[in-house]
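Have a look at the fold first, then read on.

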Amino acid sequence: MQTIRGFRDILPENIALWQKVEKEATRLFDAFGFKEIRIPVLEKTQLFSRSIGEATDIVEKEMYTFADRKGDKLTLRPEATASIVRSYIQHKMYATDPIRKFFMMGPMFRRERPQKGRYRQFYQIDAEVFGVESAYIDSQLIFILTELFKRLGLTGLSAHVNSLGCPDCRPSFQRALLDFIASKKDRLCDNCLRRIDKNPLRILDCKVTSCKDVLQDAPATLDHLCNHCEDHFATVKTTLETQGVDFIVDKSLVRGLDYYTRTAWEIQTTTLGAQSAVAGGGRYDGLVKELGGPQTPGIGFAIGFDRLVEVMEQLDKAPQATALDLFLICLGDMATEKGYHWSCALNQNGIRTEMDFRGKSMKALMKRANKLNAHYVLIAGEDELIQNAIILRDMNTKEQVSLPVETLVPELIKIFKK
Ligand code: ATP
Ligand code: MG
């Protein structure tokens with residue numbers, strides 16, 4: 001049996017970086033007042049089609065959708081924002097606190113063509129803020145991302161920032177875009193042509209090279225902002241600048257989801273080739289209302305966890321594997337029984353201790369201690385028990401001490417807790 005295409009195992013030998021990121025992200029979110037939320041992997045299809053948008057790549061071709069036994073249409077979540085908004089509304093979280101900040105980490109599912117940095121089950125680290133319209137929060141979210149990446153030792157990243165405007169500036173932009181597209185119709189792909197009526201903004205997100213070329217000169221939302229959006233974006237930029245966050249204003253950045261308004265951004269890396277986006281985010285001031293809640297501003301980002309780990313692997317940021325503190329070599333039945341109790345007591349005290357219960361020889365067990373990179377070995381055979389002198393050997397210095405059975409565990413705890 002093999003995993004299905006685009007799905008993969010993350011093996012224990014590769015887990016250190018994932019755990020390092022999880023730890024660092026959790027610490028950072030905690031410092032900024034974000035609380036963890038856990039949401040289901042499966043939701044009603046409608047949640048995603050309504051929020052992400054019917055005419056987006058995700059909804060049109062990437063979702064894992066199926067009917068359950070009763071015929072209800074369900075979808076494996078392709079992203080987290082929609083579910084978190086659903087949860088926010090379902091539990092009336094707006095009623096208990098006007099500002100809520102969440103984070104979550106977990107798998108997402110999109111049926112894309114698998115390649116390096118692109119999987120069908122992939123992982124995201126996601127953050128969302130509800131109830132704050134101020135541009136300071138836009139800056140702060142971008143700041144959190146750059147701070148996290150800095151703590152993880154990443155280099156070669158750049159923040160691309162744009163403003164997509166709001167419903168007030170959309171009509172003027174939409175007119176300009178439709179005029180432009182009308183003049184280039186013969187050079188656009190079928191998918192783009194189909195979207196002219198359905199969702200013209202999505203044309204700007206087309207990945208076909210010839211379309212990309214044509215659309216280079218397309219009108220940009222940034223040139224059609226209303227005064228409010230203009231001010232908002234100006235504050236985002238100055239606060240990023242004063243905080244020393246490097247960014248590039250990128251007029252062509254539109255993101256692949258319909259719900260974004262105003263600030264949108266992506267963190268890109270130079271080290272991953274075509275899959276260059278390691279994180280993306282944006283404001284979605286209309287989404288809570290759209291999904292049935294009260295008018296509430298919202299904003300968030302998602303980090304591509306798999307890609308982040310790949311960048312870190314390239315930069316060789318893997319932490320050292322943790323070595324074993326102590327390996328117990330117990331020879332014979334009596335020593336094995338005693339050793340079993342010693343090892344449990346040491347484990348209870350947080351000392352990394354292992355024992356091999358297969359009844360192997362001294363030579364084989366020494367070999368295993370070396371393989372496990374044990375700092376110390378404890379040697380207890382029949383002779384050592386009779387003489388009440390259990391041997392503790394430092395595998396690096398080869399120094400040995402003898403310890404009596406009665407006080408063995410407390411003595412070892414003392415040694416390892418030093
Ligand atoms: P891309 O343009 O690379 O397809 P996206 O715009 O579809 O990315 P988002 O929906 O914004 O991605 O998701 C946020 C992040 O999740 C991306 O920046 C990326 O790092 C990661 N991501 C998205 N799709 C995948 C995938 N199929 N496999 C691995 N990571 C992914
Ligand atoms: Mg995509």
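## Ground rules

This is a predicted model, where local features need pLDDT of at least 70 and side-chain atom pairs count only at pLDDT 80 or more, while totals for chains, interfaces and linings use all residues. Residues are numbered from 1 along each chain as its sequence is written, chains are lettered from A and ligands numbered from 1 in the order in which they are written, and side-chain values use heavy atoms, leaving out hydrogens and water.

## The overall picture

The protein has 16 helices and 16 strands, counted as DSSP runs (helices H or I, at least four residues; strands E, at least two) and numbered from the N terminus. With a radius of gyration of 28 Å, well over the 22 Å that the globule rule gives for 418 residues, the protein is more spread out than a compact globule. That radius is taken over C-alpha atoms, and the rule is 2.2 Å times the number of residues to the power 0.38. The C-alpha trace spans about 95 × 50 × 40 Å along its principal axes.

Of the 418 residues, 51% count as buried, meaning under 20% relative accessible area with a 1.4 Å probe, protein chains only.

## The three-stranded sheet

Here 3 strands make an open, antiparallel sheet in the order E2-E4-E3; strands pair if DSSP finds at least two bridges between them. E2 (42-44) and E3 (64-67) are at the edges with a single partner strand each, so one side of each has no neighbour in the sheet. Neighbouring strands are turned by 35 degrees against each other on average, direction ignored.

E2 pairs with E4 (residues 73-76) over 3 bridges, and glutamate 43 sits opposite threonine 75 in E4. Helix H2 (residues 45-52) lies across E2, E3 and E4, at about 75 degrees to E2. Axes are lines fitted to C-alpha atoms, for helices over the stretch in contact (heavy atoms within 4.5 Å), and angles run from 0 to 180 degrees between N-to-C directions.

## The five-stranded sheet

Another open sheet has 5 strands in the order E13-E12-E14-E15-E16, with mixed pairing. Its edge strands, E13 (353-355) and E16 (400-403), each pair on one side only.

E12 (residues 326-330) and E14 (residues 376-380) run parallel, joined by 5 bridges. Isoleucine 329 faces isoleucine 379 in E14 across this pairing.

Technical notes:
Buried < 20%, exposed > 50% of the residue type's maximum accessible area, 1.4 Å probe, protein only.
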